[in-house]
Amino acid sequence: MYDYDFESEDKELKKIGLELMFLTPEKYSQGDGITAVELAKAVGLDVETTRKKLRILQESGIVRAKGINPKFWKFDNYVFQRMDEDDPVYRLLVSFDDVDFDRYFEY
């Protein structure tokens, strides 16, 4: 299914996945989602790494892309909630041990 090794925790993939998961429509610059460039700036990674990780998340079905240039990305919560609990991407995104939720929520 995935052409990727999830044995070691991929912190970059987790960072991008969680950023998209908790990104609300109010935070989009466009209604269609967020671009890879905007996402890269938000998570502090280079654009190429961000695009590679987005492709992995897209292969898993939990992010969707709309448009061509620029391409807008959105998290698909419906698909995520129905993922197999043994899926490596699912397990990566639900391990919240080292996650600072203050980054995503304002109290």
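# Helix packing and ring pairs: worked exercises

In this predicted model, helix 1 and helix 2 (residues 36-43) pack with their axes 10 Å apart, at an angle of about 110°.

**Exercise 1. Classify the arrangement of helix 1 and helix 2, then describe their contact.**

Step 1. Two packed helices are described by the angle between their axes and the distance between the axes.
Step 2. The angle is about 110°. Angles of 65 to 115 degrees count as roughly perpendicular.
Step 3. Helix 1 is therefore roughly perpendicular to helix 2.
Step 4. Helix 1 contributes Lys-15, Ile-16, Glu-19 and Leu-20 to the contact, and helix 2 contributes Leu-39, Ala-42 and Val-43.
Step 5. Sort these residues by class: 5 are nonpolar, none polar and 2 charged.

**Exercise 2. Do likewise for helix 1 (residues 11-21) and helix 3 (residues 47-60).**

Step 1. The two axes come within 10 Å and cross at roughly 70°.
Step 2. Helix 1 and helix 3 are therefore roughly perpendicular to each other.
Step 3. On the helix 1 side, the contact uses Glu-12, Leu-13, Ile-16, Gly-17 and Leu-20. On the helix 3 side, Thr-49, Thr-50, Lys-53, Leu-54, Ile-56 and Leu-57 take part.
Step 4. The classes are 6 nonpolar, 3 polar and 2 charged.
Step 5. Compare the residue lists. Ile-16 and Leu-20 of helix 1 touch helix 2, and Ile-16 and Leu-20 also belong to the contact with helix 3.

**Exercise 3. Work out how the rings of Phe-80 and Tyr-90 are arranged, and where the two residues sit.**

Step 1. A pair of aromatic rings is described by the distance of the centres and the angle of the planes.
Step 2. The ring centres of Phe-80 and Tyr-90 are 5.2 Å apart, and centres within 6.5 Å make a pair.
Step 3. The planes stand at 35°, so the pair is tilted.
Step 4. Phe-80 lies in helix 4 (residues 77-81) and Tyr-90 in helix 5 (residues 88-94), 10 residues apart.
Step 5. Both residues are buried.
Step 6. The structure holds 2 aromatic pairs. Ring pairs join Phe-75, Phe-80 and Tyr-90 into a cluster.

**Exercise 4. Summarise the whole chain: its elements, burial, contacts and surface.**

Step 1. Count the elements: 5 helices and 3 strands.
Step 2. Read them in sequence order: α-β-α-α-β-β-α-α.
Step 3. Of the 107 residues, 41% are buried.
Step 4. Take contacts between residues at least 6 apart in sequence: 61% join residues at least 24 apart.

Conventions. Residues numbered from 1 in each chain as written. Predicted model: local features only at pLDDT ≥ 70, side-chain atom pairs only at ≥ 80, totals over all residues. Heavy atoms only, no water. Axes fitted to C-alpha atoms, helices over the stretch in contact; angles between N-to-C directions. Helix = DSSP H or I, 4+ residues; strand = E, 2+ residues; numbered from the N terminus. Parallel < 35°, antiparallel > 145°, perpendicular 65-115°, else oblique. Contact = heavy atoms within 4.5 Å. Nonpolar A, V, L, I, M, F, W, Y, C, P; charged D, E, K, R; others polar. Buried < 20%, exposed > 50% of the residue type's maximum accessible area, 1.4 Å probe, protein only. Areas by Shrake-Rupley, 256 points an atom, 1.4 Å probe, with all protein chains shown as cover. Phe/Tyr/Trp six-rings, centres within 6.5 Å; stacked < 30°, edge-to-face > 60°.
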